[in-house]
There are 2 protein chains.
Amino acid sequence: MTRDPKPPIDEAILQLLRERPSAFLSGEEISRRLKVTRTAVWKRVRGLRDLGYEIEGLRRSGYRLVRAPDLLTPAEVKPLLRTRWLGRKIHYFHTVDSTNSKAYELGLQGAEEGEVVLAESQTGGRGRLGRQWFSPPLVNLYLSIILRPMIPPQKASLLTLMAAVATGEAIQKYSGLHPLIKWPNDILLRGRKVAGLLNEIRSEMDRIHFVVLGIGVNLNMERRRFSREIRGVATSLKEEMGEAVSRKAFLRCLLEEVERWYETFLREGGDAILEVWREKAGIQGRRVNITSFGERLIGVAVDVDSDGALILETEDGKRKRILAGDVEYPRKENVDS
Amino acid sequence: MTRDPKPPIDEAILQLLRERPSAFLSGEEISRRLKVTRTAVWKRVRGLRDLGYEIEGLRRSGYRLVRAPDLLTPAEVKPLLRTRWLGRKIHYFHTVDSTNSKAYELGLQGAEEGEVVLAESQTGGRGRLGRQWFSPPLVNLYLSIILRPMIPPQKASLLTLMAAVATGEAIQKYSGLHPLIKWPNDILLRGRKVAGLLNEIRSEMDRIHFVVLGIGVNLNMERRRFSREIRGVATSLKEEMGEAVSRKAFLRCLLEEVERWYETFLREGGDAILEVWREKAGIQGRRVNITSFGERLIGVAVDVDSDGALILETEDGKRKRILAGDVEYPRKENVDS
């Protein structure tokens, strides 16, 4: 994995200011140590203030970092990471159309396994099947991970299950709550969606060029800020925990889990993932209504097979393999833990 | 399907010249009818001559088309097509990196189902697994078809089988010879490769954005022009038929077969394809050596299943599902019909 060869000036300035948290650092010294003009320093400090950094400036003494905003800039995030290769290169954006689209673009340009696209907000955040993913700034997590697994394309759906397991584990470890995975790609807390996955793939017949794992997690979103249509079905970690979430701490936890489960998948194969997935989905034996390619099916979910397909036993006793669709749990069962 | 709203000037000039095959058409009249300057007419005529068109030009009388080269320009191809929607929009290139790459690019930009990329030659023609596809100008066929089927991504490999069936049928109908499909994506005549397929996919978990079906067919290539490495394993339709092939006529036949088999697939599902595929592959019960993700397997091919996977019975009697790999037939069986 590559690290950025030279951190951008913003990050370098923050690093210097952090080295001496209580003291002032003169613009002249910053300019000398970073080999940029004093005007450049002044301009970048102004830029940092626009991003929410409180930087005190005194004509004689220089600059002092008073408070950093809860941003997910590489400068803020990288020192916290405990992963070995995942997220060691982060493409950070304040606003982006969609982190998945951006990551796909980077993938086509040859981005390496483990590179991450992270944005504070998305203007065109996407869910499955072209649906929207509500992505207001600074309160949640929107990221996309580029992977290049040497597996046949037919196995790619296991990566969706893997990402669901990892996201579920991260939520559980951070909050102590018990999330439920809803086939194929949602994570629920008390029956409401707290996270969603959108994986996109570039492949040929017998190899995958790359996969983009898109993960969106509602962290500090308040229920009243959800639109009327989704308020009943969406929630955030803050709403469920009753306290604010540190986005950085959660991100660290999430990247760690994804790295761990992806390595497990590569080393031990799909069965290791499926086992945990089944446990977290608790779907076996449950009554479900499924809409799949326009068809409406009712029955009992028997299992998920090694291709990630849902095996449904319909009311006439026949078994169907469902490759894609929307699952609904009949109302009375729509509650977990 | 969309038609080009306005054919490019080249095509328009050729159309005008074809309307009066024996007579001369003055540059002035062409300029007036196409609403372009006389200099533009003169320049485009020169361009057409560079492409191999013999256009007689007399100062007083104007221009006359003497002979058209065997090019696959939309102007040459479209009047011949018998398809309803496939190839109604053709993106034509004299030389292109790879028709698949170009089609993928167009797919990302929103190209519609049935649009075709056609090139006289490729500088970076690709086969499976990043291998090269030898693509010299004007003798063969290199094309890529954009499809947008509403099927789950796991079913995409059936499109490879579909394309193999269609290409095999086109060869059989045109030549009367009996090609053999070699799993997953080659077409053989007398044990030598005459055509290859390379399908590339853009998908998310439960829908396909688009598929690019890449088809390369060796038509008039002479054996001595193949490189030493592939001379023993490659052939062309001309070599096998003993006479030159009309590229236009073959293209017409190929597009017709792809349209027909794709519609069959959408209407009747994968089984209709698999049935014909099995017949043309004659792989059931055959001894095969397979290299799959670095592993070497020997056994008897039992069947191909509804996901396009090869079912292999190894020597210890176990059955394996092979999703991707290279098949070799032990030498004595390496001959068809």
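The points below go from the model itself to the contact between the chains, and then to one residue.

1. A word on the model: it is predicted, with local features needing pLDDT of at least 70 and side-chain atom pairs counting only at pLDDT 80 or more, while totals for chains, interfaces and linings use all residues. Residues are numbered from 1 along each chain as its sequence is written, and chains are lettered from A and ligands numbered from 1 in the order in which they are written.

2. The two chains meet through 24 residues of chain B and 24 residues of chain A (contact: C-beta atoms, placed from the backbone, within 7 Å). On the chain B side, β8(B) gives the largest share, 7 residues; α6 (157-175) and β8 of chain B each supply at least two. That side has 11 nonpolar, 6 polar and 7 charged residues (Ala, Val, Leu, Ile, Met, Phe, Trp, Tyr, Cys and Pro are nonpolar; Asp, Glu, Lys and Arg charged; the others, Gly among them, polar).

3. Do look at the strands here. β8 of chain A (residues 192-204) runs antiparallel to β8(B), joined by 5 bridges (strands are DSSP runs of E, at least two residues; helices are runs of H or I, at least four; both are numbered from the N terminus). A:S203, for one, has B:I201 as its bridge partner.

4. B:R192 lies in strand β8 of chain B. B:R192 counts as buried because it has 22 C-beta neighbours inside 10 Å (buried: 20 or more other C-beta atoms within 10 Å, with C-beta atoms placed from the backbone). B:R192 also touches B:V233, B:A234 and B:T235, leaving aside residues up to four places away in sequence.

Key
Buried ≥ 20, exposed ≤ 12 C-beta atoms within 10 Å, placed from the backbone. Pairing = 2+ DSSP bridges.
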